[in-house]
Amino acid sequence: MLDVLNLLIYGAVISAISFFAIILLMPAAIRSLTAGGKLVPDAHKRDKPMIPRPAGPVIMAGIGAAEIVLYLLTMNTAVLAVLLSTVIAFAVGYVDDSRMMPGWFKPVALLAAAIPLVSLELYVGGVHEDSLNLVFGRAFIPLLYIPLIFVIMPITGNTINSIDVLNGVASGFIIIAMIPLLASIAIFGSHEVFLAALPLLFAAVAFYKYHKFPSRIFPGDSGTLLFGAMYGALAIAGSSEIIGVIALLPAVMNSFLFLASVRRIVEHRQIKERPTILMNDFKLAASKDKSAPATLVRLILADGPLDEKAVGCQIFKLATLTALLAFATIAIQYAIFRL
Amino acid sequence: MGFGGLAIFVVVMWTMILAVAAFLVIFIAPIDMIMFDGQARRLTVSVVQAAIAIIVVVVLVFGLSRMKRIYMQKKLG
């Protein structure tokens with residue numbers, strides 16, 4: 001356990017490293033990617049401007065530097081496990097950014113991101129509990145917990161990846177979801193995992209400056225998968241699995257709606273019937289095609305066309321609601337534990 | 001109604017998740033006492049608990065899928 005002074009100093013140092021590394025490196029990354037022709041069209045804009053992608057390497061550099069400093073300061077195994085899981089998810093995303101991989105690649109390859117959490121717990125210990133925090137109590141399930149980690153990591157990675165459909169949504173969504181997760185880790189987890197979570201929040205805040213509408217750079221699969229997998233690893237190491245899922249509900253709902261309607265694991269780009277239609281006035285409308293996949297954006301647009309920025313605002317309102325529900329869940333759990 | 005409908009959908013999902021969590025803690029965690037009178041081997045109890053937990057989660061997913069279908073029909077016709 002760290003004392004309050006160390007907690008404040010370490011927290012300030014690693015948050016600053018993560019935030020300023022991304023703020024300062026991103027303009028150079030935008031110039032470099034643009035010069036190298038690594039550009040993709042921003043499909044929902046007039047004239048479809050070309051936007052550089054991916055920002056994942058810069059985000060990874062900022063978070064990685066902060067986590068390495070934290071590990072050297074604390075020598076905590078959970079911090080190392082979270083860092084290694086994040087690096088693996090980033091590598092999986094970078095492969096997908098560099099070459100077009102089939103739909104099964106990301107969920108299957110993300111299983112590897114669970115390995116540091118499981119193996120470091122087995123060989124060193126101190127990464128996570130063997131019991132699942134179920135709000136109303138803990139369930140000691142050593143047999144089920146390891147497979148559960150292999151389920152959680154691909155799910156969290158892919159849910160953030162699948163919600164990255166509009167400018168600023170993935171980064172803004174992570175910022176909102178991180179607030180209740182940080183509170184939960186502070187109450188039910190450890191000081192070290194709480195500190196390990198700060199670089200993710202500050203990286204997302206720094207990246208949002210460049211990713212918000214109108215985006216100057218896209219995160220790419222490397223950025224979204226590292227965001228999602230790191231979030232999952234923190235929820236596991238911080239004994240906040242259910243609260244983490246609740247804060248992530250709109251993204252989970254988006255993945256669930258998509259999978260339940262297409263009934264197979266497939267990339268969005270491989271779907272012929274689009275869930276939304278871009279109108280002449282550049283507003284988005286819900287597709288009326290019954291075979292089009294169901295997505296969160298399509299449901300938001302079911303009441304009428306909206307522009308891209310307004311759809312993003314609706315998603316953020318929904319994320320704020322689920323963050324409040326996550327806080328309510330923390331309050332319920334805290335009250336039960338106090339009884 | 002647009003945001004209101006989605007907000008209700010999310011709150012129902014949250015309630016269902018909490019209900020499943022409560023069920024697992026209240027009924028599945030002490031199952032060695034309820035079903036086996038505290039006499040079963042740890043491994044047997046764990047396997048039974050894991051099997052019931054998986055079934056309950058599958059039922060939750062089916063429930064959510066049904067809710068989604070009703071919501072989609074109402075919204076998109």
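Which residues have the most contacts inside the largest nonpolar core? Before I answer, please keep in mind that what we are looking at is a predicted model. The largest nonpolar core has 124 residues, and those with the most contacts inside it are A:Val82, A:Phe173, A:Ile174, A:Ala177, A:Leu181, A:Ala197 and A:Leu234. The element that gives the most to this core is helix H8 of chain A, residues 191-211, which contributes 13 residues. As general background, nonpolar side chains in soluble globular proteins tend to be buried together.

Let me stay with A:Phe173 for a moment. Leaving out residues up to four places away in sequence, A:Phe173 touches A:Ile163, A:Ala251, A:Ile315 and A:Ala319. A:Phe173 is also one of the residues through which helix H7 meets helix H13 in chain A, and that helix pair is my next topic.

Helix H7 of chain A, residues 169-188, packs against H13(A) at an angle of about 5°, and the two axes are 9 Å apart. With angles under 35 degrees counting as roughly parallel, H7(A) and H13(A) are therefore roughly parallel to each other. On the H7(A) side the contact includes A:Gly172, A:Ile176, A:Pro180 and A:Ile187, while on the H13(A) side it includes A:Gly312, A:Phe316, A:Ala323 and A:Tyr334. By class, the residues of this contact are 16 nonpolar and four polar, with no charged residues among them.

In total, 29 residues of chain A are in contact with 26 residues of chain B, and the chain A side is made up of 24 nonpolar, three polar and two charged residues.

Now to helix H9 of chain A, residues 220-237, which has 18 residues and reaches 26 Å from its first C-alpha to its last, close to the 26 Å expected at 1.5 Å a residue. Is H9(A) largely enclosed by the rest of the structure, or largely open? It is largely enclosed, because 18 of its 18 residues are buried.

After H9(A) comes A:Ser239, in the loop between H9 and H10 of chain A, and its phi is near 50°, a positive value in a residue other than glycine. A:Met75, in the loop between H2 and helix H3 (77-98) of chain A, likewise has a positive phi of about 50° although it is not a glycine. Their surroundings can be set side by side: A:Ser239 counts as buried because it has 22 C-beta neighbours inside 10 Å, whereas A:Met75 counts as exposed because it has 10. For context, most residues other than glycine have a negative phi, and most peptide bonds are trans.

One runs from A:Arg53 to A:Pro54, with omega near 10°, and A:Pro54 lies in the loop between strand S2 (50-52) and helix H2 (56-74) of chain A. Another joins A:Phe213 and A:Pro214, with omega about -10°, and A:Pro214 lies in the loop between H8 and H9 of chain A.

Finally, A:Pro41 is found in strand S1 of chain A, residues 39-41, and, beyond its neighbours within four places in sequence, is in contact with A:Lys48 and A:Met50.

Note on methods
Residues numbered from 1 in each chain as written. Chains lettered and ligands numbered in written order. Predicted model: local features only at pLDDT ≥ 70, side-chain atom pairs only at ≥ 80, totals over all residues. Core = buried A, V, L, I, M, F, W, Y, C linked by C-beta atoms within 7 Å. Buried ≥ 20, exposed ≤ 12 C-beta atoms within 10 Å, placed from the backbone. Helix = DSSP H or I, 4+ residues; strand = E, 2+ residues; numbered from the N terminus. Contact = placed C-beta atoms within 7 Å. Nonpolar A, V, L, I, M, F, W, Y, C, P; charged D, E, K, R; others polar. Axes fitted to C-alpha atoms, helices over the stretch in contact; angles between N-to-C directions. Parallel < 35°, antiparallel > 145°, perpendicular 65-115°, else oblique. Expected span 1.5 Å × (residues − 1).
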